[in-house]
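Good morning, and thank you for the time.

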Amino acid sequence: MLVVAILAAGKGTRMKSSLPKVLQQLAGRTLIERVLAVCNGLNVNRRIVIVGHQEDKIRESLNHIEGLEFIQQSPQNGTGHALQKLLPVLKDFDGQLLVLSGDVPLLKVDTIKKLVNTHTKKSADVTLLTATQKNPKGYGRVFTTKENQVRSIIEDRDCTKEQLDNHLTNAGIYCFEWSKLKEILPNLSNKNNQGELYLTDTIKMMSLAVHTEVEDVNEVLGINNRKQLSICEALLQERLRNYWMNEGVTFTDPSSCTISESCTFGKDVLIEPQTHLRGKCKVGNSCLLGPGTLLKDVELGDRVKVLNSVIDNSKVDHDVFIGPFTHLRPQSTISSHCRIGNFVEIKKSHIGERTKVNHLSYIGDSQLGSKVNIGAGTITANYDGRNKHQTRIGDNTKTGANSVLVAPIVLGKDVTVGAGSTLTKNVPNGSLAIGRSKQLIKEGWSSKTASFP
Ligand code: UD1
Ligand code: CA
């Protein structure tokens, strides 16, 4: 039997944030979600999250994950105090307790499996994960015997100068025999620099404590402050980009681009500098993204080109060229072979196949047919100050430059709209619509008078 407890009750004072620390994000996912994801690869009987500081926010953020148990630790008197809260809950439990830290998010499942295997094989009372850190500041130091058993862990703040020279650090990840730990937990003392009950103090009270050292130190980086958060983000981004490069994606300047874990790419995608993909993005084959592009929750078909543009929660079919400087706002769908151009904003609209919206337009709450040509500066006036209204434009219709289409309005198929028109009435199929005042010419006017009539 394996029970997992995740420590997530602390304030995270060093983050200086209004968010609880474990709700900070890396590559679009919270720290606590990342730690929980590690459990998915393990055969676990129960998952218990220990919460306290801003616990409501943490519970709410995890309410999409089934089968989680929450235990309250309030006030938060240290990591040992947190585990004391398990005593009533695991009264009849007799198995292994895996303790994970909510602020150690880059851990890999194989590392945990190795930890649990070592623990079982050695019949230890506790097995902990260790790492030799170049810069061990802030980490508890692990002291071992000649036989490589763990004698004690001393927290950074409680170490003497000599003890600080030991670079073998505690990762904050442990596999305990619960039957042993439950006897020791009530005996913890708070005689230390922080006046807290340290889980690390249980180690020296165990008869057999062993450790496994991680190969990749980065896996056990703990996040206590923003600097450490940014280091982990950079590591994670590098992992993600390397993965996708192996899968056939080219980055011209990898370190200037960021992607989220829920993005997928086809083959021969080229990602130019300063391009960022957030949320869930699905990119087809041979797309060209960037430079200077931001995509969030976007689906792109094959051979889509997006240059210097922002696309949010929208779907673009194959062979579309977007940009430079396009903003596709949520719930827009662009069909294949469209050209959405320079300085164009589209919101909650459907654009049919081979339609062009090439220059300086706003298209909102609209349905456009296929092979429509939207002239430069055409605007749908969709808002009357209270409500939003729909615009519908049929196949093959052309609007002249600087047209204003006052919604609700329907332009039929094969309609032509004269440049500079303001249209407020529906236009039937095949018609020409002109809605502007007639041009006035006064010949020889400038030689007769200097003032405007
Ligand atoms: C802890 C370890 C240290 C180790 C380091 C690894 C202790 C005493 N020290 O130090 O040896 O090198 O992690 O990253 O355990 N938490 C609670 N309740 C509390 C206090 C903390 O649930 O009362 C949670 C925090 O939310 C956090 C985790 O425990 O997720 C670790 O706490 P933190 O204060 O960050 O411990 P460190 O100082 O990093
Ligand atoms: Ca920490």
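This is a predicted model: local features need pLDDT of at least 70, side-chain atom pairs count only at pLDDT 80 or more; totals for chains, interfaces and linings use all residues.

As background, most residues other than glycine have a negative phi, and most peptide bonds are trans. Is K16 buried or exposed? With a relative accessible area of 73%, K16 is exposed, because the term applies over 50%.

F325 also has a positive phi, about 65°, without being a glycine. F325 belongs to the loop between β24 and β25, and at a relative accessible area of 42% F325 is partly exposed. In that loop we also find P324, with β24 covering residues 321-322 and β25 covering 326-328. The peptide bond leading from G323 into P324 is cis, with omega near -5°.

A further cis bond runs from S74 to P75, again with omega near -5°. P75 sits in the loop between β5 (68-72) and α3 (79-84).

D103 comes from the loop between β6 (96-101) and α4 (109-122), while N224 comes from the loop between β11 (209-213) and α6 (226-246), so the pair ties together parts that are 121 residues apart in sequence. D103 counts as buried, at 15% relative accessibility, and N224 is likewise buried, with a relative accessible area of 15%.

Next, a hairpin and a residue that contacts one of its strands. Strand β8, residues 141-144, pairs with strand β9, residues 150-154, in the antiparallel sense over four bridges. Within this pairing, T144 stands opposite V150 in β9. Five residues separate the two strands of the hairpin, and N148 in the turn has a positive phi of about 65°.

What does the side chain of N166 reach? It reaches the backbone oxygen of V142, at 2.8 Å. Apart from neighbours within four places in sequence, N166 is in contact with R141, V142 and F143. At 19% relative accessibility N166 counts as buried, because the limit for that term is under 20%.

The next topic is the sheet. Nine strands make up an open sheet with parallel pairing, in the order β14-β17-β20-β23-β26-β29-β32-β35-β38. At its edges stand β14 (264-265) and β38 (409-411), each with a single partner strand, so one side of each is left without a neighbour in the sheet. For one pairing inside that order, consider strand β29 (residues 350-351), which is joined to strand β32 (residues 366-368) by two bridges and runs parallel to it. There, H350 stands opposite Q367 in β32.

Finally, the aromatic rings. A pair of aromatic rings is described by the distance of the centres and the angle of the planes. How many aromatic pairs does the model hold? The count comes to four. One of them is the stacked pair of Y174 and F176, at 5.4 Å centre to centre and 25° between the planes. Y174 is buried at 4% relative accessibility, and F176 is buried at 0%.

Y243 and W244 give another arrangement: their ring centres are 5.0 Å apart and their planes stand at 85°, so this pair is edge-to-face. Y243 is partly exposed, at 45% relative accessibility, whereas W244 is buried, at 10%. Ring pairs link these two residues, Y243 and W244, with F265 into a cluster.

The charged end of K388 sits over the ring of Y383, 5.2 Å from the ring centre.

That concludes the tour, and I would be glad to take questions.

Technical notes:
Residues are numbered from 1 along each chain as its sequence is written. Chains are lettered from A and ligands numbered from 1 in the order in which they are written. Side-chain values use heavy atoms; hydrogens and water are left out. Rings of Phe, Tyr and Trp (its six-membered ring) pair if their centres lie within 6.5 Å; planes under 30 degrees apart count as stacked, over 60 as edge-to-face and the rest as tilted. Buried means under 20% relative accessible area, exposed over 50%, partly exposed in between (1.4 Å probe, protein chains only). A charge sits over a ring if NZ of Lys or CZ of Arg is within 6 Å of the ring centre and within 35 degrees of the ring normal. Two strands pair if DSSP finds at least two bridges between them. A polar contact is a pair of N or O atoms within 3.5 Å; within protein, one must be able to donate a hydrogen and the other to accept it, and residues adjacent in sequence count only if both atoms are side-chain atoms. Contact means heavy atoms within 4.5 Å.
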